[in-house]
Amino acid sequence: MIALARALGRQTAVIVFMGIFLLFTVLQGSMFTSAINLSNISRQVAIDAPHVMGQVIVLISGGIDISVGSVMAMSSALTIGLQEYGAVWAVAAALAFGAAVGAVNGLLVTKGKIVPFIATLGTMGVVRGMVLAYTEQRSIPGTIENFGFWGGGSLGMVPVPLVISLAIMIALWWFLRYTVTGRGFFAVGGDKETAYLAGVSVARFQFTAFVLSGTLAAVSGVLLASRLDSANAQIGVDTPLLSIAAAIIGGASILGGRGGVIGGFLGITSLGMLSTGMNLMGVNTYYQIATRATVLIVVVVVDALIVNSKLSAARLPLERKMDEHLRKEVVIV
Amino acid sequence: MYRGKRHVTLIAVVALVTLAGCTAKTGDQAGSASTEAATPLELCVVHNNADHPSITALVKGMNEEAPHFDANIVYFDPANDPQKQVSMIEDCVARQPDVLVVNAVDPVAVVPAIKRAFESGIRVLMVNADIAPEGRQYTEGFIGSKSFDQGYAVGLMIAEALNNKGNMVIVAGNPGQTDTVNRTEGLKAAFADSDADITILAEQTGQWSRDKALTVMTDLLTRFPDIDAVFGHDDPMALGALEAINASGREGIKVFGVNGNTDACQSIKDGEMAGTALQLSELVGVSTVRAAFDLKQGRLIPREILAPTAPVTPENVAEWQDQCW
């Protein structure tokens, strides 16, 4: 019983995912679980998944990135706007742009010593301005014949962007878990001072996290450009909140030191199912926004309660020390 | 570290697969769109932005007409986000409505989604903001307003007010949208037909929003010391421009809008706004439900169903005031 509760406590993402899936399966039956609908949901989720995973990495390293929406919009615009040079160069330029903005964020945080929230708030505004200027506030239609395949196409019943996002997820999961560089993010996010004293270059990891986040946001932008087959200045306004919520449902913490890309993927899928499920039920859009926020609050509170609970008393000394550390961060939250 | 972790994930995966397998069926499941009059008319409506008076009026028109045709209408609002609109269109398609009604946020971005809807056999009606020309083949029709005539009516009003000579600015709707393009074209056509020598100094978007229009107009006032008239593509923006003018203390600038909103009509009566052109959004809503019903019955409908307009001036505002909304 205790073991089950402990085990469950670390699997918030899976529980939320299962819970939402069960709920809508019961409420909507075959309309929800039909191949078409699951395909729709997975396509929508797959396009948002890269920037969520980028957000997870930044959160793990102790930062936050709210410029993801604007970067997604600008890279989407570049992907379409530069199509005259060929799709490959357009996509490359878009990804390079994302990396560049990430680098700027990284420098602002490491060299400029600006708090990540403020730094990315600034770049968010600047990049949004660039999008509006570049598109002149009108939409740019795509001109390459089959470019819509990457965001809008399918291999059988499986949407293409899902394949791409899952591949990225697996690569990042392996990177975070099995490489020294990957684990370094956890160290830096968990306790900056200790990491520094242990010889880890905190600045380098923070910088890299932002560059990865920017590039992944650009990947989302490329997929979105392909799905809409056009560029538009109005996209990505809601995206920062969405990526943070998904990352936190997936187990990341605002205070850094934990999280996972698989959890993030489950988190965004949960939110996607929630949104589509409510659409299928005909729930008013405004209630949907409130519901999504409630899910996030419940996840954070339950997670805090489980960490704090007396169940954690019956554990190994090492685990109890870990709990002390986590309890400290929870109290602040 | 926790052995339970693997157990939970395993249980979850098994449960998921079992559930999905039990309830999922391949292919379309919901009743195919039939031509029986006995079943209710199922409509799925995707707005562009529900936070605008003309959309409120449109919804009112649809809801009032719905009972006459036994219609069930579901509304979705993406709040001007093209990505959300595409997701909502796909979710609507999954609901298998009789007719899908879309008010395009971005005429180009909706094309792939509407194409997919068409390919799954759903009839699509565009309302208020049409799809881009390359996407029209996937839709049954467009129901909106004669926005060209609205611009023309305002053009005639401005030409008369300025005695065929002067400078003006335009505070426009979202670039590329049906109404934005048509209203400006109508305005210019009216000037051409009246042989008016009126210069359009600038056309900037107020994004159909009163506060954005206020900011835009303030900047236009700073840029151009000599403005005789302002054309706001809708009344909220015209009123926003009017606020900016009043705040600046500049006199003698005539402000025109489109819609015939209650506050605009009152403003015309009070001698503040100089005129507006009626937009019959409620009628557009009513027509949409009727056209959708006809589609369900298998009847052909016109490619475009456009609601007429009329100019509202200080002289005739008393007659039109109960039409204002």
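**Note on a predicted two-chain model**

1. In helix H13 of chain A, the residues Leu242(A), Ala245(A), Ala246(A), Ala247(A) and Ile249(A) meet Gly264(A), Gly267(A), Ile268(A), Ser270(A) and Leu271(A) in H14(A), two residues being in contact if their C-beta atoms, placed from the backbone, lie within 7 Å. By class, the residues of this contact of H13(A) with H14(A) are seven nonpolar, three polar and no charged, where Ala, Val, Leu, Ile, Met, Phe, Trp, Tyr, Cys and Pro count as nonpolar, Asp, Glu, Lys and Arg as charged, and the others, Gly among them, as polar. Helices (H or I, at least four residues) and strands (E, at least two) are DSSP runs, numbered from the N terminus.

2. This is a predicted model, in which local features need pLDDT of at least 70 and side-chain atom pairs count only at pLDDT 80 or more, while totals for chains, interfaces and linings use all residues. Residues are numbered from 1 along each chain as its sequence is written, and chains are lettered from A and ligands numbered from 1 in the order in which they are written.

3. The axes of H13(A) (residues 239-249) and H14(A) (residues 261-281) come within 7 Å and cross at roughly 120°; axes are lines fitted to C-alpha atoms, for helices over the stretch in contact, and angles run from 0 to 180 degrees between N-to-C directions. H13(A) and H14(A) are therefore oblique to each other, since angles under 35 degrees count as roughly parallel, over 145 as roughly antiparallel, 65 to 115 as roughly perpendicular and the rest as oblique. The crossing of H13(A) and H14(A) is right-handed; a crossing is left-handed if the near helix is turned anticlockwise from the far one by less than a right angle, and right-handed if clockwise.

4. As a whole, chain A has 16 helices and four strands, and its C-alpha trace spans about 65 × 55 × 35 Å along its principal axes. The radius of gyration of chain A is 20 Å, which agrees with the value near 20 Å that a compact globule of 333 residues would have; this radius is taken over C-alpha atoms, and the globule rule is 2.2 Å times the number of residues to the power 0.38. Of the 333 residues of chain A, 52% count as buried, meaning that 20 or more other C-beta atoms lie within 10 Å of the residue's own, whereas a residue is exposed with 12 or fewer and partly exposed in between, with C-beta atoms placed from the backbone.

5. Chain B, for its part, has 11 helices and 12 strands, and 55% of its 325 residues count as buried. Among the contacts in chain B with a separation of 6 or more, 76% are accounted for by residues 24 or more positions apart.

6. H4(B) is followed by Gly121(B), whose phi is positive, near 85°.

7. Asp229(A), found in the loop between H12 and strand E4 (230-231) of chain A, counts as buried because it has 21 C-beta neighbours inside 10 Å. Leaving out residues up to four places away in sequence, Asp229(A) touches Gly142(A), Phe147(A), Gly148(A), Val111(B) and Pro112(B).

8. Asn164(B), in the loop between helix H5 (147-161) and strand E6 (165-172) of chain B, has a positive phi of about 65° although it is not a glycine, and it is partly exposed, with 14 other C-beta atoms within 10 Å. Asp195(B), in the loop between helix H6 (178-193) and strand E7 (197-205) of chain B, has a positive phi near 55° and is exposed, with 8 other C-beta atoms within 10 Å.

9. In chain B, the axes of helix H2 (residues 53-65) and helix H10 (residues 281-296) come within 7 Å and cross at roughly 40°; H2(B) and H10(B) are therefore oblique to each other, and their crossing is right-handed. By class, the contact of H2(B) with H10(B) has eight nonpolar, five polar and five charged residues.
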